[in-house]
Amino acid sequence: MFHPRRTLRALLLPLTAGLALTAVPAQTAQAASTLTNGGFESDGTGTATPAGWSTYSAAGQNSASFTEAGGHSGGYRLSHWASTAYKVETYQYLSGLTNGNYKLTAWVRSGGGQKSAYIALKNCGGAEQRTDLPVSASGWLRVVVPVSVTNNQCTISVNSDANAGNWINVDDLTFTSGTSGLSIKGADISSLAKSEAKGGVYKTGSGTTGDAVTILKNAGMNYARLKVWVNPADGYNNKTRVLAMAKRVKAAGQKLLVDFHYSDTWADPGAQSKPTAWAGHSYSQLRTDVYNHTYDVLNALKAQGTTADMVQVGNEINGGMLWNEGSTSNWSQLAGLLNSGYDAVKAVNSSTTVALHLAKGGDLSGTRWWFDSAVANGVKFDAIGLSYYGYWHGTLAEFQTTLDDAASRYGKPVFVAETAYPFRLDSEDSHENIIDVSGELVSGYPASTAGQLAWMNAVANIVEAVPNGRGLGVFYWEATWTAVSGNGWDPTDASSGNGWENQALFGYDDRALSSMAWFSHR
């Protein structure tokens, strides 16, 4: 996470979705064992009920569903749109299916604003499975919906409950054997120990005071991320504190990601300062420092029965780490430092996953340049983590392109190491929030608990849809960093404030926000 205010990258204006057409009576879906006309190419422009599909609407609004030119591939797409409020479903019934796991994949766009807009698999023998359509006016996004078929049939359903002028586009649906889901539904809780020590309180949604780790676990969180600094001025987020918090994380049945900053303070794209204790060390000494520090922390975790499941060797290392020796201006030296960290991790526990972490969520060319350079210099790693904040790092479509490319190009699993969204814009303390005006928000995602939840679901959907099962999951940053006096951003200044409390997962009344529901993502 990096801290100076960033200029919002404006999103493109929504595309015109087309004109409402004359209503066409719904057809009875024909039983089929495979999806028919998933690309909507059979009928051309203006068909209210495409071949193989049926339409159902409230109050005869079938014309809100239609085909038109401008597909993701091919010439045509399905659109939902009307000049008045509407509610419409476009669906296809499949029968004769062999029972088992299936996955619907679709390419979608949405201008947002609907009461609901989603793709569902229902009547398949179990619970209905839904994926909400992310707001993405400027680019197509791939989404997936997995389901277990137990009664040899399933209905594919595209739904809009929309206000006047709201629109969605859907194209290139496929229904195949397979499944999807996220193994990581995590959050960074590095602020928690200091918050509690300074009087921070955490409550359930109903207002009962409790343990934040337990509250998050009960919401569905299964992975905790803890940063570790070498010798921070405030004595928090060091080895001793990480060991103590790791016991709580593991006692709650959660997995543990240890995020090494290799600094006494924040390490991010704008700052990678060496720890004071290493300040005058040569490059050769720094390699030994990285190995010894990494080994020391991880071996102590292992010795107390809380072995790290994943480790980040460096935090948001766009420009390298341990400047200047480990800068990307000297890749051979950076590679040596990274491999020292990798070797230390594996020496403690060979099955711990080693991740490299960049803050380049929507930057395809930047991510390629960095990891191409890493591979060319023999850097060892098991997974790729990207920070993706939508108000800084590009559109959702750019993020999906970057994430998919990284997984394919390097043959590694990928995950979101950091993302967040505000549930309000005003500050609880006197420190100005980093995101505090509506112009900094992502179009279609308001600063509300509903907007925060919708954002997290959109990001989770994109990670879930990474091909070949290489999307591991998402870490929220920073779930527990509420406004508590003394727990500000600067470890050297006890009076520093928090510019992030409006993006925590606990509200200004200390209660768990309903947006924690994203942890229940598949």
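Predicted model: local features only at pLDDT ≥ 70, side-chain atom pairs only at ≥ 80, totals over all residues.

Is aspartate 510 buried or partly exposed? Its relative accessibility is 22%, so aspartate 510 counts as partly exposed.

## Cis peptide bonds

The bond from tryptophan 323 to asparagine 324 is cis, with omega near 5°. Asparagine 324 belongs to the loop between strand E14 (310-313) and H5.

Another cis bond runs from tryptophan 477 to glutamate 478, with omega near 5°. Glutamate 478 falls in the segment after strand E18 (471-476).

## Nonpolar cores

The largest nonpolar core holds 125 residues. Ile119, Val170, Phe175, Ile189, Met321 and Trp370 have the most contacts inside it. Helix H5 (residues 331-348) gives the most to this core, with eight residues. Another core lies apart from it, with ten residues, among them Met310, Ala355, Phe415 and Phe475.

Which residues does phenylalanine 175 touch, leaving out those up to four places away in sequence? They are Leu35, Leu94, Leu97, Tyr102, Lys103, Leu104, Leu121, Cys154 and Ile156.

## Helix H3

H3 has 13 residues. From first C-alpha to last it reaches 18 Å, close to the 18 Å expected at 1.5 Å a residue. Buried in H3 are Val242, Leu243, Met245, Ala246 and Val249. The buried residues of H3 pack against H1, helix H2 (212-219), E12, strand E13 (255-260) and helix H4 (283-303). Just after H3, glycine 253 takes a positive phi of about 80°.

## Cavities

Rolling a probe the size of a water molecule over the atoms shows where empty space is left. How many cavities of 30 Å³ or more does a search of the whole structure find? There are four.

The largest cavity has a volume of about 130 Å³. Its lining has 17 residues; Lys227, Asn237, Trp266, Asn487 and Gly488 lie nearest the centre. By class, the lining splits into seven nonpolar, five polar and five charged residues.

The second largest cavity has a volume of about 70 Å³. Its lining is Ser190, Ala193, Lys194, Leu226, Lys227, Tyr236, Asn237, Arg241, Val242 and Met245. Helix H1 (192-197), strand E12 (223-228) and helix H3 (239-251) each supply at least two lining residues. H3 gives the largest share, three residues. Five lining residues are nonpolar, two are polar and three are charged.

The largest pocket holds about 420 Å³ of space. Of its 21 lining residues, Gln114, Asp132, Leu133, Val135 and Ala454 lie nearest the centre. Strand E6 (116-122) and helix H8 (449-464) are the elements that give two or more residues to this lining. H8 gives the most, with seven. The classes are ten nonpolar, nine polar and two charged.

The second largest pocket holds about 200 Å³. It is lined by 14 residues, and the closest to its centre are Lys87, Val88, Glu89, Tyr118 and Asn159. Strand E1 (54-57), strand E4 (86-95), E6 and strand E9 (153-162) each supply at least two residues. Which of the strands gives the largest share of this lining? E9 does, with four residues. By class, the lining of the second largest pocket has four nonpolar, five polar and five charged residues.

Technical notes: Residues numbered from 1 in each chain as written. Heavy atoms only, no water. 1 Å grid on protein atoms, 1.4 Å probe; cavity = no way out; pocket = protein on both sides within 12 Å on 5 of 7 lines; lining within 4 Å. Points joined across faces, edges and corners; volume = space filled by probe spheres on them. Nonpolar A, V, L, I, M, F, W, Y, C, P; charged D, E, K, R; others polar. Expected span 1.5 Å × (residues − 1). Buried < 20%, exposed > 50% of the residue type's maximum accessible area, 1.4 Å probe, protein only. Contact = heavy atoms within 4.5 Å. Core = buried A, V, L, I, M, F, W, Y, C linked by side-chain atoms within 4.5 Å.
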